[in-house]
Amino acid sequence: MRRKETTCGYCGCGCGIYVNMADDGTMLGVTPSYNHVVSQGKLCSKGWHGFAFVKDSRRLSSPLIRQSDGSFREASWEEALEKVATGLKAAMTGGDNTNAIGVVTSARCTNEENFMLAKLARAGLKTSSIDHCARL
Ligand code: SF4
């Protein structure tokens, strides 16, 4: 068995966890980090048991690009990121892009990831249109 130290992404507390994996990489479960400054060896029920979404068949596992007929097709990360970059460049006005570009982050991101996305939005994309779904 292997384990990887990471941050619980279920809420903004950011508890320290270990993801326990079989040798083939299959996720077996989660245990708390006893030395983590926030959780100090404790997790709530979501942290302990809320990892089934990792194996959910409805979870996206590759980028999807919307076609002109409204359907989606799978794409590589390189193609998807190129398409996003092209679209963002076309939308940028040269000034304040608040009415042209919006950024939606996720409650599943860590505080640090959401902080970086806010910086990217404000400093890089020059938009203050930022929202997230952290209304759990
Ligand atoms: S273990 Fe519970 S309190 Fe800690 S980050 Fe996860 S959901 Fe939040």
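**Note on the predicted model: sheet, core and ligand shell**

1. R2 sits opposite M21 of β2. The model is a predicted one. The two strands involved, β1 and β2 (residues 16-21), run antiparallel and are joined over 6 bridges.

2. The sheet is open and has 3 strands. Their order is β1-β2-β3, and the pairing is antiparallel. β1 (2-7) and β3 (27-32) form the edges, each pairing on one side only. From one strand to the next, the twist averages 30°.

3. Which residues make up the largest nonpolar core? There are 8 residues in all: C8, C15, I17, V19, M21, M27, V30 and L43. At least two residues of this core come from each of β2 and β3. β2 gives the largest share, 3 residues. Nonpolar side chains tend to be buried together in soluble globular proteins.

4. Now the ligand. Around the ligand are C8, Y10, C11, C13, G14, C15, L43, C44 and G47. By class, 7 residues of this shell are nonpolar and 2 are polar. C8, C15 and L43 are listed both around the ligand and in the largest nonpolar core.

5. On annotation, an unreviewed UniProt entry lists residues 1-58 as "domain: 4Fe-4S Mo/W bis-MGD-type". In the model, the end C-alpha atoms of residues 1-58 are 27 Å apart. That span is 31% strand and 9% helix.

How values were computed
Residues numbered from 1 in each chain as written. Predicted model: local features only at pLDDT ≥ 70, side-chain atom pairs only at ≥ 80, totals over all residues. Heavy atoms only, no water. Near = heavy atom within 4 Å. Nonpolar A, V, L, I, M, F, W, Y, C, P; charged D, E, K, R; others polar. Pairing = 2+ DSSP bridges. Helix = DSSP H or I, 4+ residues; strand = E, 2+ residues; numbered from the N terminus. Axes fitted to C-alpha atoms, helices over the stretch in contact; angles between N-to-C directions. UniProt positions renumbered as here; feature names shortened; annotations may be inferred. Core = buried A, V, L, I, M, F, W, Y, C linked by side-chain atoms within 4.5 Å. Buried < 20%, exposed > 50% of the residue type's maximum accessible area, 1.4 Å probe, protein only.
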